[in-house]
Amino acid sequence: MSTIAFFRPADDRAESAAEFIGSLGAEPLSDPMLAVEPTGDTPRTDAAITILTSKTGAELVAETDWTPGGELAAIGTPTAEALEAVGYTVDRLPSEFSSSGLVSELGADAPGASIEVARSDHGSDVLTDGLNDAGAYVHETVLYRLVRPDGAGASTVAAAEGDLGGACFTSSLTVEHFLAAADDRGLRREAIDGLNRAVVGAIGEPTRETAEALGVDVDVVPETAQFDALAEAVVDLL
């Protein structure tokens, strides 16, 4: 049975990811590379369109009395479902679940519009730059910071020892934190070599580009930017 490493935060996302990988007949290795530090800030309430880009952001705004003043947009189905589960109505959802997909979805309404982007401190410039270029007045609120948890890195040892069949990277930051954890253990070169002998999946093109720029070969990018699609694509190649 092949071992598949994944890097979801240590909450229900890690639990559901482990369960799904197990259902595919693989052995899950959970190694959370992201921990959430809320800033306490909330999105503006006077924007024509407010964008949420993660389930984490949805959960944080749900803990406040924030109400969007205009339309509410989500980057993809998981974020939309998280928002709707806590009582918000999602008005806009792109056909492509990515920053560029949101720019395409909102581009026609962007000229002269105030658009609020509420997300982590590591959000892609593709979204804000694209909306600005389309003529919007963009304001960004950082809802939370993403940090590497203490002790992260079991997967780097497994990779270095040749024990990984595959790895599922869900953001550029998970790649960067994986390699930082390998550096901490003096295993960077060995960990990269181990990944390059395994099947590596990246959830989207930005993640793929980051991984390959850092020396990690990416074997598959799923058509849909969702974890289940990513895991299934990795297991299918094994």
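A polar contact is a pair of N or O atoms within 3.5 Å, where, within protein, one atom must be able to donate a hydrogen and the other to accept it. With that in mind, and remembering that this is a predicted model, begin by selecting Ser-98, which you will find in the loop between helix H3 (77-85) and helix H4 (99-106). Show its side chain together with that of Glu-96, and you will see the two joined by a polar contact of 2.5 Å. Is Ser-98 buried or exposed? Its relative accessibility is 19%, and because buried means under 20%, Ser-98 counts as buried.

Next, select Val-117, which has its place in strand E6 (residues 114-120). Val-117 is buried as well, with a relative accessible area of 0%. If you set aside its neighbours within four places in sequence, Val-117 is in contact with several residues, including Ile-51, Leu-127, Leu-131 and Val-138.

Finally, select helix H7 (residues 172-184) and helix H9 (residues 205-213), which pack with their axes 8 Å apart and at an angle of about 25 degrees. Because angles under 35 degrees count as roughly parallel, H7 is described as roughly parallel to H9. To see where they meet, display Ser-172, Val-175 and Glu-176 of H7 with Pro-206, Thr-207, Thr-210 and Ala-211 of H9, which make the contact.

Technical notes. Residues are numbered from 1 along each chain as its sequence is written. This is a predicted model: local features need pLDDT of at least 70, side-chain atom pairs count only at pLDDT 80 or more; totals for chains, interfaces and linings use all residues. Side-chain values use heavy atoms; hydrogens and water are left out. Helices (H or I, at least four residues) and strands (E, at least two) are DSSP runs, numbered from the N terminus. Buried means under 20% relative accessible area, exposed over 50%, partly exposed in between (1.4 Å probe, protein chains only). Axes are lines fitted to C-alpha atoms, for helices over the stretch in contact, and angles run from 0 to 180 degrees between N-to-C directions. Angles under 35 degrees count as roughly parallel, over 145 as roughly antiparallel, 65 to 115 as roughly perpendicular and the rest as oblique. Contact means heavy atoms within 4.5 Å.
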